[in-house]
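Reader: Could you walk me through this model, starting with its pockets and then moving on to the aromatic rings?

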Amino acid sequence: MSYLDNGSTLRAMFRLTPPMRHDIDPSRSEVVAYIKDNLNCDLGRAIRSFNSMRHIKSAVLIYDRIHRQWRGCDWVPAEEVDKISLLMSVVTELKRDISSLRSELRKVKNEMVSLRRRKGGRRDEEMADSEDDLVPEPEQQQAAPPEEKAADGEDWFKAMRAALAEGDTASPSSVPPQ
């Protein structure tokens, strides 16, 4: 939002701009001359203001493709017939935009479906691989008797306690381990 010296914005000042032609040569451009006169500024600032206002995000000045002219965003013709004609052209343009967006949406949906199918196929393969990994081999299924497991567990605890008892005296970090 660009504030002017008097505190208003470019949108407030140029939203009702009547249709005018623009030329690449700024000295021949009606729009740039109109902006220059209303802002009482030099040509460079008028060009920067025009470029700012015609940007699609600000949309202060709108380009009419049919008449090849720039106009303010809130400008409406004085005569009723012209108002209806302008509104009909805007509605037609919006319908075109909607149909193009629908076709893009359809393409994206089809792409997503194909990606899901591919990923689904891979997921099935990955699930089959993971199920193969989950099935233990016959050698691993043979378990040791419960008494041996308990003995192995007790031995492990005894070995850990012995290691911890030896490690009570901390050695300096510069001394290599034994």
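**Pocket and ring pairs**

Author: In the largest pocket, α4 gives the most to the lining, with 7 residues. This is a predicted model, in which local features need pLDDT of at least 70 and side-chain atom pairs count only at pLDDT 80 or more, while totals for chains, interfaces and linings use all residues. Residues are numbered from 1 along each chain as its sequence is written, and side-chain values use heavy atoms, with hydrogens and water left out.

Reader: What counts as a pocket here, and what is a lining residue?

Author: On a 1 Å grid over the protein atoms alone, a pocket is an open set of points where a 1.4 Å probe fits, with protein on both sides within 12 Å along at least five of seven lines, and lining residues have an atom within 4 Å of a point.

Reader: Which residues lie nearest the centre of the largest pocket?

Author: They are Ile62, Tyr63, Asp64, Arg65 and Glu93, out of 19 lining residues, and the volume of this pocket is about 500 Å³. At least two lining residues each come from β1 (61–64), β2 (69–72) and α4 (80–134), where helices (H or I, at least four residues) and strands (E, at least two) are DSSP runs numbered from the N terminus.

Reader: Switching to rings, how many aromatic pairs are there?

Author: The structure holds 3 aromatic pairs, a pair being rings of Phe, Tyr or Trp (its six-membered ring) with centres within 6.5 Å, where planes under 30 degrees apart count as stacked, over 60 as edge-to-face and the rest as tilted. In one of them, Phe14 and Tyr34 are edge-to-face, because their ring centres are 6.1 Å apart and their planes stand at 70 degrees.

Reader: Which helices does that pair tie together?

Author: Phe14 lies in α1 (residues 10–14) and Tyr34 in α2 (residues 30–39), so the pair ties together parts that are 20 residues apart in sequence. Phe14 is buried at 1% relative accessible area, whereas Tyr34 is partly exposed at 26%; buried means under 20%, exposed over 50% and partly exposed in between, with a 1.4 Å probe and protein chains only.

Reader: And what about Phe50 and Trp70?

Author: Phe50 and Trp70 also form an edge-to-face pair, at 5.3 Å centre to centre and 80 degrees between the planes. Phe50 sits in helix α3 (residues 43–54) and Trp70 in strand β2, so this pair ties together parts 20 residues apart in sequence. Phe50 is buried at 1%, and Trp70 is buried at 13%.

Reader: Which residues do ring pairs link into a cluster?

Author: Phe50, Tyr63 and Trp70 are linked that way, and Tyr63 is also among the residues nearest the centre of the largest pocket.

Definitions and conventions
Grid points are joined across faces, edges and corners, and a volume is the space filled by probe spheres set on the points.
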